[in-house]
Amino acid sequence: MASTESSRLILDEVLGRLPRDEIPTEGFGDAASDLITNELLLDGNSRLNLATFVTTWMPPDAAALMAATADKNMIDKDEYPQTAELENRCVNMLGNLWHAPGGAPATGCSTTGSSEAAMLGGLALKWRWRERMRAAGKPTDRPNLVMGINVQVCWDKFCRYWDVEPRLVPMEGERFHLGAEEAVKLCDENTIGVVAILGSTFDGSYEPVKEIADALDKLAAGGGPDVPIHVDAASGGFIAPFLDPKLEWDFRLPRVQSINSSGHKYGLVYPGVGWALWRDRDALPRDLVFEVNYLGGKMPTFALNFSRPGSQVVAQYFMLLSLGMHGYRTVQGVARDVATRLASEIAKIGPYRLVTDGSQLPVFAFALAPDVSNYTVFDVSLRLRERGWLVPAYTFPANREDLSVLRVVVRAGMTHDMADLFLRDLRDQTKSLEQLTERLPQRSEEEREAFRH
Ligand SMILES: *Cc1c(COP(=O)(O)O)cnc(C)c1O
């Protein structure tokens, strides 16, 4: 087709509407890139996004390496044996970082994120529980999983998809996550495991994994069920080892059988990569593992997906290699400094009170003082959005539905300078809200419920 005719066609389309429901008869050629780029300007600015846990900045070298490896399929271990080898090295490094007994080779795999890794961890728990029950000649039709009501939605999914009863411990008073005593109370012989979170998406707090493990030890020693722990360390798996090395939350606790973490959160890789690790080969039932061709031989895989990009795994290896222990400690340390300073400055603004202070995950939640009645955290969130800042507001689950908060997630790329700009905007908006002489209209339930992660 002559290029003048193609430009005319494109002009027609653009002056009308871009195709939405049908593939255009004639393609847009290179112009498609511009048209899409323009449309995407409507997205929020990822650097001002204080809502997400997911990496929004990587060094330019890493982005280039990802582009250069975008054509590699992670599952083609025979064709891309070196990508598979990099995956193994990452698993071994994480096994080491999380104190897997026995050293390399560690038992684990990459996934698309913590959600897939949680499914795999949960499945292994379910399979092992079923083996135990069958061996004891007991029924296997009523499995349950014990966890705090603050779990990420992936655990609700796990339970629904794999037919497991979720046993959720509600929040109570100032306890915003799972407590050891409360977890033990819900365990019985049908409990496939307890999920402990490091840390909670609601407020950035670490759950007391060691206390939970100790309480479960006591339960088993007293003749009760012997219940394993899976740690959902989606965020904390790449924070605690660098900033809280003495905190025992990982395979140092014998009761911890498996751990998941998101490479694309504090692992510092663009989405989607996650990791699932088991404490040893015995913790991962053999019949969940399939064999794929690998250099003419066989390689074990455990995954819900088949094809997926290899570039995220390459990028994870790059980040581990490029930053090293010291680099990760520095990056995460700065994030936590920024988070704790921001939190303490926000506490001084007046109407706010901190729910958490950013000293565990570099994440904190804050609420409005009870005497503030003319506006809510939802109004504050909207006002901040006018300045480009994305700060979610949401209501806590049972039994603290009375508590609504704003949450800030500090990640690599959020500097002290940016924190100052944010503080300035928050102070300005709060001052203007404080001058209201009457109550703003209440937001709909839908708007208040919109945020779910
Ligand atoms: C983010 C998160 C998940 C889900 O992780 P993805 O990597 O986005 O799939 C699960 N659990 C917790 C605690 C999380 O923070």
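## Around the ligand

The shell of residues around the ligand holds 4 nonpolar, 8 polar and 1 charged. In total, 13 residues surround the ligand. The closest are Gly-113, Ser-114, Ser-115, Gln-152 and Ala-234. Keep in mind that this is a predicted model.

## A glycine in strand β7

Gly-274 sits in strand β7, which covers residues 274-278. Is Gly-274 buried or exposed? Gly-274 has 28 C-beta neighbours inside 10 Å, so it counts as buried. The cut-off for buried is 20 or more.

Ala-117 is 157 residues away along the sequence, yet the two C-alpha atoms are 6.6 Å apart. Leaving out residues up to four places away in sequence, Gly-274 touches Thr-111, Thr-112, Gly-113, Ser-114, Glu-116, Ala-117, Asn-260, Ser-261, Ser-262 and Gly-263. Two of these names, Gly-113 and Ser-114, are also listed among the residues closest to the ligand.

## A lysine in helix α6

Lys-157 lies in helix α6, residues 153-161. Lys-157 has 14 other C-beta atoms within 10 Å, so it is partly exposed. Arg-439 is 282 residues from Lys-157 along the chain. Their C-alpha atoms are separated by 39 Å.

## Helix α10 against helix α4

Two packed helices are described by the angle between their axes and the distance between the axes. Take helix α4, residues 81-97, and helix α10. Their axes are 9 Å apart, and the packing angle is about 50 degrees. The two helices are therefore oblique to each other. The crossing of α4 and α10 is left-handed.

Which residues make the contact? From α4 come Thr-83, Leu-86, Glu-87, Arg-89, Cys-90 and Met-93. From α10 come Val-313, Val-314, Gln-316, Tyr-317 and Leu-320. By class, this contact has 7 nonpolar, 2 polar and 2 charged residues.

## Helix α10 against helix α12

Helix α10 spans residues 311-348, and helix α12 spans residues 416-434. Their axes come within 10 Å and cross at roughly 20 degrees. That makes α10 roughly parallel to α12, because angles under 35 degrees count as roughly parallel. This crossing is right-handed, whereas α4 passes α10 in a left-handed one.

On the α10 side, the contact uses Val-338, Arg-341, Leu-342, Glu-345 and Ile-346. They meet His-416, Ala-419, Leu-423 and Leu-426 in α12. The contact of α10 with α12 has 6 nonpolar, 1 polar and 2 charged residues.

Terms used. Residues are numbered from 1 along each chain as its sequence is written. This is a predicted model: local features need pLDDT of at least 70, side-chain atom pairs count only at pLDDT 80 or more; totals for chains, interfaces and linings use all residues. Axes are lines fitted to C-alpha atoms, for helices over the stretch in contact, and angles run from 0 to 180 degrees between N-to-C directions. Helices (H or I, at least four residues) and strands (E, at least two) are DSSP runs, numbered from the N terminus. Angles under 35 degrees count as roughly parallel, over 145 as roughly antiparallel, 65 to 115 as roughly perpendicular and the rest as oblique. A crossing is left-handed if the near helix is turned anticlockwise from the far one by less than a right angle, and right-handed if clockwise. Two residues are in contact if their C-beta atoms, placed from the backbone, lie within 7 Å. Ala, Val, Leu, Ile, Met, Phe, Trp, Tyr, Cys and Pro count as nonpolar, Asp, Glu, Lys and Arg as charged, and the others, Gly among them, as polar. A residue is near a molecule or strand if its C-beta atom, placed from the backbone, lies within 6 Å of it. A residue is buried if 20 or more other C-beta atoms lie within 10 Å of its own, exposed if 12 or fewer, and partly exposed in between; C-beta atoms are placed from the backbone.
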